[in-house]
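Take a moment with the sequence and the model. We will go from the overall fold to one helix, and then to a few residues.

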Amino acid sequence: MASPTTALHSDLAIPPGELLAEELEVRGMTQGELADQMGRPRQTISAIVRGKKAITAETALQLEAALGIPAQLWVGLEGRYQLALARRAT
């Protein structure tokens, strides 16, 4: 049993781009269409989907505008992903 000072955490690192890819598939939208709608290079969206590029606060706001998914969700997913990667590295 964990004591009050012991934090439990998961080391499962899932890039938020996986959720983005699933969302695009559900909507029948291509990465290129999303990139065009956001005014971002297609390579950027591709890199996010592949987990090679982080979702910044600016990108999260653009995703919110394009998809209606709150920016907080994207930033939170990215933060948890980066933290899981950092835990693995230590």
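Read from the N terminus, the elements of the protein chain run α-α-α-α-α. That makes five helices and zero strands. Helices (H or I, at least four residues) and strands (E, at least two) are DSSP runs, numbered from the N terminus. This is a predicted model, in which local features need pLDDT of at least 70, side-chain atom pairs count only at pLDDT 80 or more, and totals for chains, interfaces and linings use all residues. Residues are numbered from 1 along each chain as its sequence is written, and side-chain values use heavy atoms, with hydrogens and water left out.

Start with the whole chain. Of its 90 residues, 32% are buried. Buried means under 20% relative accessible area, exposed means over 50%, and partly exposed lies in between (1.4 Å probe, protein chains only). The protein chain exposes about 5,900 Å², and carbon and sulfur atoms supply 55% of that area. Accessible areas come from the Shrake-Rupley method with a 1.4 Å probe; for residues, only the protein chains shown count as cover. Now take the contacts with a separation of 6 or more: residues 24 or more positions apart account for 55% of them. Contact means heavy atoms within 4.5 Å.

Next, helix H1. It has twelve residues, 16-27, and should span 16 Å at 1.5 Å a residue; its end C-alpha atoms are 17 Å apart, which agrees. The expected span is 1.5 Å times one less than the number of residues. Which residues of H1 are buried? They are Pro16, Gly17, Leu20, Glu23 and Leu24. Seen down the axis of H1, these buried residues fall within an arc of 115°, so they line one face of the helix. The arc is that of the directions from the helix axis to the C-beta atoms. That buried set packs against helix H2 (31-38), helix H3 (42-49), helix H4 (57-67) and helix H5 (71-89). On the other side of H1, Glu25 and Val26 are exposed. Gly28 follows H1, and its phi is positive, near 70°.

Now the charges. Side chains of opposite charge can pair when their charged atoms come close. A salt bridge here is a side-chain nitrogen of Lys or Arg within 4 Å of a carboxyl oxygen of Asp or Glu. By this rule the count comes to two. One joins Arg27 to Glu23, with the closest N and O atoms 2.5 Å apart. Arg27 and Glu23 are four residues apart in helix H1, so about one helical turn separates them. Arg27 counts as partly exposed, at 38% relative accessibility. Another salt bridge joins Asp36 to Arg42, with the closest N and O atoms 2.8 Å apart. Arg42 is partly exposed, with a relative accessible area of 49%.

Move to the loop between H2 and H3. Pro41 lies there. Pro41 is partly exposed, with a relative accessible area of 42%. Pro41 and Gln31 are ten residues apart in sequence and 10.0 Å apart in space, C-alpha to C-alpha.

Finish in helix H4, at Thr59. Is Thr59 buried or exposed? Thr59 is buried, with a relative accessible area of 2%. Its side chain makes a polar contact with the side chain of Thr56 (3.0 Å). A polar contact is a pair of N or O atoms within 3.5 Å; within protein, one must be able to donate a hydrogen and the other to accept it, and residues adjacent in sequence count only if both atoms are side-chain atoms. Leaving aside neighbours within four places in sequence, Thr59 is in contact with Met38, Arg40 and Ile48.
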